[in-house]
Amino acid sequence: KFKDSLSNILKKIKPKLESLGWFVVLAVFLVLTYYIVIVGWDFIYLILSFFKGWGADPNMFFANNIIVGGDNINAITQLVLSVTAITALLWALLWYVSHKSVDGIEKTVKILIPVLFILMIFIVLYALTLPGQMYGITELLKPDWSLLGDVGIWLAAFGQILFSLSMGQAMALTYASYLPEDAKLTDSVLLVVLANSAFEIFTAFGVFSILGFMCLQSGLPIEQVATSGTGLLFIVFPQIFNIMGDVAYILGPLFFLCVLFAGFTSIIALFEPMLNQHLLPDKVQI
């Protein structure tokens with residue numbers, strides 16, 4: 001048996017399957033090309049958070065300075081210099097870390113992940129002290145059982161699991177190829193799943209506590225305050241920091257720094273399956 005890339009493993013199973021391995025790696029690379037841009041947006045917001053540079057209207061700032069043109073296909077060639085520069089910097093950092101061998105990746109992750117946990121613990125604990133936090137937590141823990149019959153909810157949940165645990169993207173296989181012969185893969189898988197789920201639940205209490213605070217300040221229900229994806233990260237949270245006062249100059253940078261650390265370790269994982277494609281079987285035998 002060999003520790004090898006996905007395409008080579010599939011080729012050994014059946015030669016015609018090799019192209020499937022390359023297709024998976026290409027799909028992961030395409031995800032990386034837009035994901036690294038979103039991480040770049042967060043990098044910009046990390047800088048802005050020190051002085052609330054998004055202004056009084058974060059929604060307008062995001063539309064006019066970050067996603068210029070939005071979903072208008074005619075604006076697809078419009079260059080946003082700040083986003084381009086930060087994205088180029090992230091590509092350079094990614095190249096540097098990935099070309100420092102597996103040891104470089106390991107050292108980077110060993111630093112960023114513990115720091116991410118420490119910062120997020122601080123943010124969540126502070127969020128739990130905010131006025132209105134119980135309203136947000138109550139909304140978090142109040143299930144709507146009727147939605148279990150909604151196919152869209154299940155698809156969203158499965159999509160979250162796929163991306164969160166990197167299933168079907170060759171990342172787990174790639175990292176496993178570096179493990180020693182006596183590694184207990186089942187134990188490692190269970191540990192990753194449990195740690196990931198526990199961290200997501202823990203951070204949810206912080207996020208909903210902050211949303212509860214914003215509901216109290218704005219007088220709006222949580223359904224109107226909370227959005228998903230980039231809207232929550234780059235519009236709602238800046239709005240929250242705007243009404244938090246001076247403490248936001250500490251909490252804001254810590255929040256966006258957490259997102260940056262989580263995002264950068266994710267783009268390393270997305271990039272690694274492509275690097276693994278060049279491994280030679282005779283050099284990586286178990």
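Visitor: Are Phe 62 and Phe 234 buried or exposed?

Guide: A residue is buried under 20% relative accessible area, exposed over 50%, and partly exposed in between (1.4 Å probe, protein chains only). Both Phe 62 and Phe 234 are buried. Please note that this is a predicted model, in which local features need pLDDT of at least 70 and side-chain atom pairs count only at pLDDT 80 or more, while totals for chains, interfaces and linings use all residues. Residues are numbered from 1 along each chain as its sequence is written, and side-chain values use heavy atoms, with hydrogens and water left out.

Visitor: How many aromatic pairs does the structure hold?

Guide: A pair of aromatic rings is described by the distance of the centres and the angle of the planes. Rings of Phe, Tyr and Trp (its six-membered ring) pair if their centres lie within 6.5 Å; planes under 30 degrees apart count as stacked, over 60 as edge-to-face and the rest as tilted. The structure holds 19 aromatic pairs. In one of them, the ring centres of Phe 62 and Phe 234 are 5.6 Å apart and the planes stand at 15°, so this pair is stacked.

Visitor: Which parts does the pair of Phe 62 and Phe 234 tie together?

Guide: Helices (H or I, at least four residues) and strands (E, at least two) are DSSP runs, numbered from the N terminus. Phe 62 belongs to helix α3 (residues 58–66) and Phe 234 to helix α11 (residues 230–242), so the pair ties together parts 172 residues apart in sequence. Ring pairs also link these two residues into a cluster whose members include Trp 41, Tyr 45, Trp 54 and Phe 256.

Visitor: Where is Ser 49, and with which residues is Ser 49 in contact?

Guide: Ser 49 is placed in the loop between α2 (18–48) and α3. Its relative accessibility is 1%, so Ser 49 counts as buried. Contact means heavy atoms within 4.5 Å. Apart from neighbours within four places in sequence, Ser 49 is in contact with Trp 54, Ala 248, Tyr 249, Gly 252, Pro 253 and Phe 256.

Visitor: Which residues are buried in helix α6?

Guide: In α6 (residues 133–140), the residues Gln 133, Gly 136, Ile 137 and Glu 139 are buried. Seen down the axis, the buried residues of α6 fall within an arc of 160° (taken from the directions from the helix axis to the C-beta atoms), so they line one face of the helix.

Visitor: How many helices and strands does the protein have?

Guide: Its secondary structure comes to 12 helices and 0 strands. Of the 286 residues in the protein, 38% are buried.
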